[in-house]
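The stops below follow charged side chains from one part of the chain to another.

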Amino acid sequence: MVNLKSQEYSNMCKEMTFDDLTLSFIIVEKGIGRNPNFFEVYSVNISNKPKFKEKLIKNVINYINRFKDKECLSYDPLKHKNNTFEYLEGKFISEFFKLKGSFGSNPITNYKDKITDFNFYVLSIKDNSGNDIRIIRKMNGYKKVNKAGGFARIQGNELTQIEDTVIGIDDSVDLIIYNDLIFILNYNSIKSLFNLKGSFQQQVVNILRPVKKSSVIDDYDKFERNIRSNERLMNRLISMKRKGVSFSNPLDNPKEIRKTIKDFNLNINYKNGKIIFDESPDKESILNLISDYYYRTTQHKTKGIIDE
């Protein structure tokens, strides 16, 4: 069976050739602290020197082609599998379309003063068919040198300072935006660029809506707040949902629920078809229970938890 996202990535790679491409360069300053969804985006003109442009695009194409035959998996906030890469739909990130729409709208005028504020650069690649592929790379350690040190080169046998501030552009890629998908080639960069915590907190509300409607948890609002405020439990819930776990009919088999609580020695108070949240110390077990993550094997009756 063909992985559809892997196929889409492969199609993108086929579209990227050295011919008939328009390049633009954007630098991103990301908000921090109280403004994690804020972006300041600056556009920069690229030199018309053919060799420079050719080097930029060849480096990018060669790098992303390394991934075209690898399996592309749905983003899992808990763990990353070796020899794969991942995707996340832009619609799951609250600031995604604002960032995407702001590219190229603000020409930079004070580059030297702001060099240490920049977080990412983006190489935007467009072909004659209107395809827009955005290559995102985290700014490297040159920021520190620009702020507190200096760059130099050796001319003959003499060390000479380079007066201009510089940025480093290598042949690696962290993220790719294509057709409102984010392909994640560097697992940690998605968390650095986007405010996943804020976006996922809203997802918790959407995912657990069937649980709220079913009234199977006493003091449901407190339960939901507990998940939203605990990043580990929130990521576990997001991971479950992205793997296809359904929450449509939670705890709909009371007999098996009581048996599971007993067999796994869960510290959960279950009465009259409801989990009593305040009297159930093990919050993670509640999440596992409503998602049907406990199992027993058919032959040897071995007990376990999915993904452990």
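Start by selecting Glu256, Lys259, Asp263 and Arg296: salt bridges link them in a network. A salt bridge here is a side-chain nitrogen of Lys or Arg within 4 Å of a carboxyl oxygen of Asp or Glu. The count by this rule comes to 13 salt bridges.

Before moving on, note that this is a predicted model, in which local features need pLDDT of at least 70, side-chain atom pairs count only at pLDDT 80 or more, and totals for chains, interfaces and linings use all residues. Residues are numbered from 1 along each chain as its sequence is written, and side-chain values use heavy atoms, with hydrogens and water left out.

**Stop 1: Glu256 and Arg296**

Zoom in on this pair. Their side chains form a salt bridge at 3.6 Å, N to O. The pair links distant parts of the chain: Glu256 sits in helix α11 and Arg296 in strand β14 (residues 294-296), 40 residues apart. Helices (H or I, at least four residues) and strands (E, at least two) are DSSP runs, numbered from the N terminus. Glu256 is partly exposed, at 32% relative accessible area. Arg296 is partly exposed too, at 30%. Buried means under 20% relative accessible area, exposed over 50%, and partly exposed in between (1.4 Å probe, protein chains only).

**Stop 2: Arg232 and Glu284**

Select both side chains. They meet in a salt bridge of 2.5 Å, N to O. Arg232 lies in helix α10 and Glu284 in helix α12, so the pair ties together parts 52 residues apart in sequence.

**Stop 3: helix α12**

Stay here and select residues 283-290. How many of the 8 residues of α12 are buried? The helix is mostly covered, with 6 of them buried. They are Ser285, Ile286, Leu287, Asn288, Leu289 and Ile290.

Now look at the N-terminal end. Asp282 caps α12 there, with a side-chain oxygen 3.5 Å from the backbone nitrogen of Glu284. Such a polar contact is a pair of N or O atoms within 3.5 Å; within protein, one must be able to donate a hydrogen and the other to accept it, and residues adjacent in sequence count only if both atoms are side-chain atoms. Just after α12, select Asp292, which takes a positive phi of about 60°.

**Stop 4: Lys243 and Asp76**

Which side chain does Lys243 meet in a salt bridge? Its partner is Asp76, at 3.3 Å, N to O. Lys243 lies in the loop between α10 (231-242) and α11 (254-263), and Asp76 in the loop between β3 and β4, so the pair ties together parts 167 residues apart in sequence. Colour by accessibility: Lys243 is partly exposed at 41%, whereas Asp76 is buried at 8%. The side chain of Asp76 also reaches the backbone nitrogen of Leu78, at 2.9 Å.

**Stop 5: Asp307**

Go to the segment after β15 (303-305), where Asp307 is found. Asp307 counts as partly exposed, at 37% relative accessibility.

**Stop 6: a charged patch**

Finish on the surface. Select Asp218, Asp219, Asp221 and Glu279, which gather in a patch of negative charge. Patch members have over 30% relative accessible area and no salt bridge; like charges are joined within 9 Å, and nonpolar side chains (Val, Leu, Ile, Met, Phe, Trp, Tyr) within 5 Å. Asp218 belongs to strand β11 (residues 217-218) and is partly exposed, at 36%.

Technical notes
Areas by Shrake-Rupley, 256 points an atom, 1.4 Å probe, with all protein chains shown as cover. Lys, Arg positive; Asp, Glu negative; His and termini not counted. Charge placed at Lys NZ, Arg CZ, Asp CG, Glu CD.
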